[in-house]
Amino acid sequence: MRYSSKTIAVRILLSLAVLAAGCGDSTTSNNPPNPAGAGPAPVSMGTGAAAAGGYVILAKAGITNVTGSHVTGDLGLSPAAASFITGFSLVADASNAFSTSASVVGKVYAANYAVPSPANLTAAIGAMETAYTDAAGRTNPDHTELGGGSLGGLTLAPGLYKWTTSVSIPTDTTLSGGASDVWIFQISGDLTTAAATHVVLSGGALAKNVFWQVAGQATLGTTSHFEGTILSKTAITLKTSASMNGRALGQSLVALDDNTIAGF
């Protein structure tokens, strides 16, 4: 059977449209559902000394403590050396693979400590960067530019949230959901909480299921309280007497000042 040139052209266009649609399906959606509850699938952090989830504070350039502070969980720094962990009065273990501190219920690791710490930390930093990329790469958000970047007074259901701006928490914000529900916040700018504000979990929601991906800096205000894992492309700063349940994972510096941080 012979077809006219017009018919052939139409068939080619239709075939290209179907092919493009198929390709679009494979590339435009990267937001797998949570298999255990509401919201997106959680960001994989892993566990143990070679995974980002094995540390309550993990940084590349430095971890500083002006005064006080009480941290429950392990600290890790790489590729910077232990000399860039300041304000903790570190006491080296006999193995030289880690240090301890009166301010830390856990161990403190640095890139220049004895094996296996250097390799474990290199892997953990890589896992942190992978987790950041995962969180930043989720698509088809449930909410975009919510509140113009101001979350004060809002109650947020589980889901994927995206802002192309900075985000502030000027008054208390509530995350309401169950123990298996997940929140991922994609923030293209900075994250800032005002003094004495609280991120509140309700309905059984757990800090381990809350992920804050921050392309800029994250700053927690004086005496504020925060919940969840901060994955910052740059620095994380906790001002005087701020507290958090979660992890501070920064790709440069994590700075403390008489803070309380509890991991999970």
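These are my notebook entries from looking through a predicted model of one protein chain.

**Entry 1: the whole chain**

I started with the overall tally. The chain has two helices and 23 strands. I then looked up burial, and 44% of the 264 residues count as buried. For the surface, I noted that the chain exposes about 11,300 Å², with carbon and sulfur atoms supplying 60% of it. I also checked how far along the sequence the contacts reach. Among contacts with a separation of 6 or more, 51% are between residues 24 or more positions apart.

**Entry 2: helix H2**

Next I went to H2, which runs over residues 117–137 and has 21 residues. From first C-alpha to last, H2 reaches 30 Å, close to the 30 Å expected at 1.5 Å a residue.

Which residues of H2 are buried? I listed Ser-117, Leu-121, Ala-124, Ile-125, Met-128, Ala-131, Tyr-132 and Ala-135. They cover an arc of only 120° around the axis, so they sit on the same side of H2. On the other side of H2 I found Ala-119, Thr-122, Thr-130 and Thr-133, which are exposed.

A reminder to myself: strands of a sheet pair through backbone hydrogen bonds, either parallel or antiparallel. Here I traced an open sheet of seven strands in the order S5-S2-S22-S20-S18-S15-S12, and the pairing is parallel. Its edge strands are S5 (85–86) and S12 (167–169), each pairing on one side only.

I then walked through some of the pairs:

- S2 (residues 62–65) and S22 (residues 253–256) pair over four bridges, and Asn-65 has Leu-256 as its bridge partner in S22.
- S20 (residues 236–238) pairs with S22 over two bridges, with Ala-255 of S22 as the partner of Thr-237.
- S15 (residues 191–193) and S18 pair over three bridges, and the partner of Thr-192 in S18 is Thr-219.

**Entry 3: Thr-219**

Thr-219 is in S18 (residues 218–220). Is Thr-219 buried or exposed? Its relative accessible area is 17%, and the cut-off for buried is under 20%, so Thr-219 counts as buried. Leaving aside neighbours within four places in sequence, Thr-219 is in contact with Leu-191, Thr-192, Thr-193, Thr-237 and Lys-239.

**Entry 4: strand S17**

I moved on to S17 (residues 210–214). Five of its five residues are buried, so S17 is largely enclosed by the rest of the structure. Both faces are covered. On one side I found Val-210, Trp-212 and Val-214, and on the other Phe-211 and Gln-213.

Which strands pair with S17? One is S14 (residues 183–187), parallel to S17 over five bridges, with Val-210 as the partner of Trp-183. Another is S19 (residues 225–232), also in the parallel sense, over four bridges. There, Val-214 has Ser-232 as its bridge partner.

**Entry 5: nonpolar cores**

The largest nonpolar core has 43 residues. Those with the most contacts inside this core are Ile-57, Leu-75, Phe-185, Leu-191, Trp-212 and Phe-226. I picked Ile-57 to follow up.

**Entry 6: two loop residues**

Where is Ser-78? I found Ser-78 in the loop between S4 (75–77) and S5. Ser-78 is buried, with a relative accessible area of 5%. Beyond four places in sequence, Ser-78 is in contact with Ala-59, Lys-60, Ala-111, Leu-121, Thr-122 and Ile-125. Of those, Leu-121 and Ile-125 were on my list of buried residues in H2.

My last stop was Pro-141, in the loop between H2 and S9 (143–144). At 27% relative accessibility, Pro-141 counts as partly exposed. Not counting residues up to four places away in sequence, Pro-141 touches Leu-160 and Lys-162. I also noted that Pro-141 and Gln-186 are 45 residues apart in sequence and 9.1 Å apart in space, C-alpha to C-alpha.

Notes. Residues numbered from 1 in each chain as written. Predicted model: local features only at pLDDT ≥ 70, side-chain atom pairs only at ≥ 80, totals over all residues. Heavy atoms only, no water. Expected span 1.5 Å × (residues − 1). Buried < 20%, exposed > 50% of the residue type's maximum accessible area, 1.4 Å probe, protein only. Arc of directions from axis to C-beta. Pairing = 2+ DSSP bridges. Core = buried A, V, L, I, M, F, W, Y, C linked by side-chain atoms within 4.5 Å. Contact = heavy atoms within 4.5 Å. Areas by Shrake-Rupley, 256 points an atom, 1.4 Å probe, with all protein chains shown as cover.
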